Amino acid sequence: MAVAKRTFDVVVVGAGGSGMRAALALSQAGLKVAVLSKVFPTRSHTVAAQGGIAASLGNVSADSWHWHMYDTVKGSDYLGDQDAIEFMCRAAPEVVYELEHFGMPFDRLDSGKIYQRPFGGHMQEYGKAPVQRACAAADRTGHALLHTLYQQNVKANTHFFIEWMALDVIRDQDGDVLGVTALEIETGEAMIFQARATLLATGGAGRIFASSTNAYINTGDGLGMAARAGIPLEDMEFFQFHPTGVYGAGVLISEGVRGEGGYLVNKSGERFMPRYAPTAKDLASRDVVSRAITVEINEGRGCGPRGDHILLKLDHLGDSLIRQRLPGIREIALKFAHVDPAREPIPVVPTAHYMMGGIPTNYHAQVVAPYRHGPEEIVHGLYAVGECACVSVHGANRLGCNSLLDLLVFGREAARQIIEDLQGNPHHKRLPANSADFSIARLSRLENRKDGESVAEVGDAMRQAMQKHCGVFRFPELLAEGVEKIRQIADRAANTEIRDKSKIFNTARIEALELDNLVEVAQATMEAAAARTESRGGHARDDFPGRDDARWLKHSLYFSADRKLEYKPVRLKPMTVESFPPKARVY
């Protein structure tokens with residue numbers, strides 16, 4: 001079957017914050033850039049980020065990039081790579097000011113400077129007192145960021161391919177990546193996008209869980225593509241559960257609520273966080289707060305008739321402050337929890353939020369994998385950035401507001417590195433004759449299958465299994481069962497069928513292809529979690545409650561083809577400063 005081909009200098013898969021920040025710099029450099037997106041760019045999931053962008057501007061109280069670096073290393077439970085963390089924290093003020101100059105409508109202080117709010121885990125002087133570090137546009141920071149970057153890309157003549165789904169990366173016999181195959185959702189036609197550089201910026205995969213703050217599009221597409229191409233996935237056991245998802249809906253209630261003075265109470269109206277984090281209280285790190293809420297519920301202090309949630313109180317802040325600083329949260333509370341937060345508390349429960357693991361990269365966004373000579377050899381032609389990548393600046397648990405920062409810093413750095421690499425590589429390599437065969441075979445299976453399983457039922461089984469066997473707390477028997485269950489579900493996913501065989505805007509076909517990606521992520525997450533016999537950051541085991549630096553201060557690498565795990569060391573040496581050695585994590 002002949003497949004049409006288009007040729008670009010760079011193809012960017014994903015039009016969220018990181019993809020658009022990279023595409024902007026690449027287009028401005030005069031390169032021919034294609035951005036593929038499943039949805040209209042401003043509907044990418046970055047739009048849902050509420051709280052802010054972490055940067056040590058020091059506009060409200062004294063701050064420094066080194067304190068920010070310490071908070072990020074500590075937040076990561078010492079699993080973050082300290083060279084990448086230093087790189088990100090040092091660049092933070094610069095990328096925020098760049099964004100301001102692009103026209104981002106930040107909230108302002110009376111002095112005219114960018115408004116900054118306190119946020120979980122953000123501290124002065126290496127953990128002594130909370131600091132105001134989150135640069136915010138009310139509680140719609142991601143929305144403002146995405147629209148700002150989209151407008152700049154339109155100005156720079158970036159080519160957008162809207163409502164296209166990337167299927168697979170194309171690798172040649174040398175292992176170099178030469179582009180992607182993709183499907184136009186409107187017509188159902190496949191196409192090859194040949195490129196000298198391919199940047200995966202496809203976001204997270206929170207949809208492997210039943211309860212998630214993630215949009216329905218967050219199906220781990222870049223991770224599925226990488227895994228099928230023989231690239232391992234790094235640190236997939238570490239998923240962050242956000243402490244405050246709306247009870248019953250999973251929709252995110254920003255940590256910014258607690259930054260503005262909101263706090264959590266149990267069924268007796270008691271503020272319980274001081275018991276778990278005496279200094280930071282409700283603004284401790286997310287994994288700490290999520291576990292505290294789960295313990296309160298498990299020990300019988302939960303709220304409601306079933307005792308299965310906690311209350312977030314912000315009525316004491318007053319209606320005018322809520323409308324000014326938290327307008328989006330007010331709307332979410334009214335719409336999804338049916339409460340007016342100025343009058344009554346919001347029922348909340350921890351919900352899957354952010355993936356710390358992903359496609360392994362260095363801090364130049366080049367994808368790295370163990371090959372012939374070492375654990376981090378560059379995969380030529382392939383780059384990854386944003387939530388689908390593991391740099392690893394987030395380690396075992398991401399610090400709040402570092403995700404938008406990660407998008408900006410590494411989106412910009414990916415573009416710089418690609419521009420440099422393409423100067424030494426001015427010509428396209430020859431595409432292998434069978435470039436599209438693998439993707440066409442995947443599409444044909446869906447086309448021709450008559451007696452397969454329902455995509456919806458297999459997807460539901462996967463989400464329920466992940467929620468039950470790999471949640472906020474992880475238990476040995478449940479993990480062992482979970483590994484078996486997910487393997488069975490993966491076998492079922494290989495035998496799904498779609499009843500609707502039509503070409504035009506066939507969402508059933510897209511959901512089936514998304515399930516392939518989700519199942520890759522679910523397997524990697526479950527297998528890596530079962531193997532890691534310690535508790536660290538977002539990975540909390542009932543049978544191994546302590547962190548074990550002697551045995552487990554290392555990154556996991558999961559290889560999909562034979563379901564095997566390997567490990568590589570954490571980079572503890574920063575670029576220019578002394579290393580922060582692991583120590584007990586208290587807030």
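Reader: How many cavities of 30 Å³ or more does a search of the whole structure find?

Author: Three, in this predicted model.

Reader: Which elements give two or more residues to the lining of the largest cavity, and how do its residues divide by class?

Author: Among them are helix 1 (17-28), strand 7 (164-171) and helix 11 (402-423). By class, this lining has 18 nonpolar, 22 polar and six charged residues.

Reader: Happy to move on! What lines the second largest cavity, and which element gives the most?

Author: Its lining includes Phe239, Phe241, Arg286, Asp287 and Gly537. Strand 11 (239-246) and helix 8 (286-298) are the elements that give two or more residues, and helix 8 gives the most, with four. The classes here are four nonpolar, five polar and three charged residues.

Reader: Why is a space called a pocket and not a cavity?

Author: A pocket is an open set of points, whereas in a cavity the probe cannot get out, so the two names follow from that test. The largest pocket holds about 680 Å³ of space. Of its 30 lining residues, Tyr216, Thr507, Ile510, Glu511 and Glu514 are the closest to its centre.

Reader: Which element supplies the largest share of that pocket's lining?

Author: Helix 15 does, with seven residues. Strand 19 (453-454) and helix 13 (455-469) each supply at least two. By class, the lining of the largest pocket has 13 nonpolar, six polar and 11 charged residues.

Reader: And what lines the second largest pocket?

Author: This pocket holds about 560 Å³ of space. It has 21 lining residues, and Ala48, Gln50, Val251, Ile332 and Phe336 are the closest to its centre.

Reader: Let's look at aspartate 340. Why does aspartate 340 count as buried?

Author: Its relative accessibility is 13%, and buried means under 20%. Aspartate 340 therefore counts as buried. The residue lies in the loop between helix 10 (327-337) and strand 14.

Reader: What makes the pairing of aspartate 340 with arginine 343 a polar contact?

Author: The side chains of the two residues are joined at 2.4 Å. The cut-off for such a pair of N or O atoms is 3.5 Å, so the distance meets it. Leaving aside neighbours within four places in sequence, aspartate 340 is also in contact with Arg330 and Leu334.

Reader: How do you know that cysteine 89 is in no disulfide?

Author: The structure holds zero disulfides. For cysteine 89, the nearest cysteine sulfur is that of cysteine 401, 12 Å away. A disulfide needs the two sulfur atoms within 2.5 Å, so cysteine 89 is in none. Cysteine 401 is in no disulfide either, with the sulfur of cysteine 135 nearest at 8.4 Å.

Reader: Are cysteine 89 and cysteine 401 buried or exposed, and why?

Author: Cysteine 89 has 0% relative accessibility and counts as buried. Cysteine 401, at 4%, counts as buried too. Both conclusions follow because buried means under 20%.

Technical notes. Residues numbered from 1 in each chain as written. Predicted model: local features only at pLDDT ≥ 70, side-chain atom pairs only at ≥ 80, totals over all residues. Heavy atoms only, no water. 1 Å grid on protein atoms, 1.4 Å probe; cavity = no way out; pocket = protein on both sides within 12 Å on 5 of 7 lines; lining within 4 Å. Points joined across faces, edges and corners; volume = space filled by probe spheres on them. Nonpolar A, V, L, I, M, F, W, Y, C, P; charged D, E, K, R; others polar. Buried < 20%, exposed > 50% of the residue type's maximum accessible area, 1.4 Å probe, protein only. Polar contact = N/O pair within 3.5 Å; in protein donor to acceptor, adjacent residues only side chain to side chain. Contact = heavy atoms within 4.5 Å.
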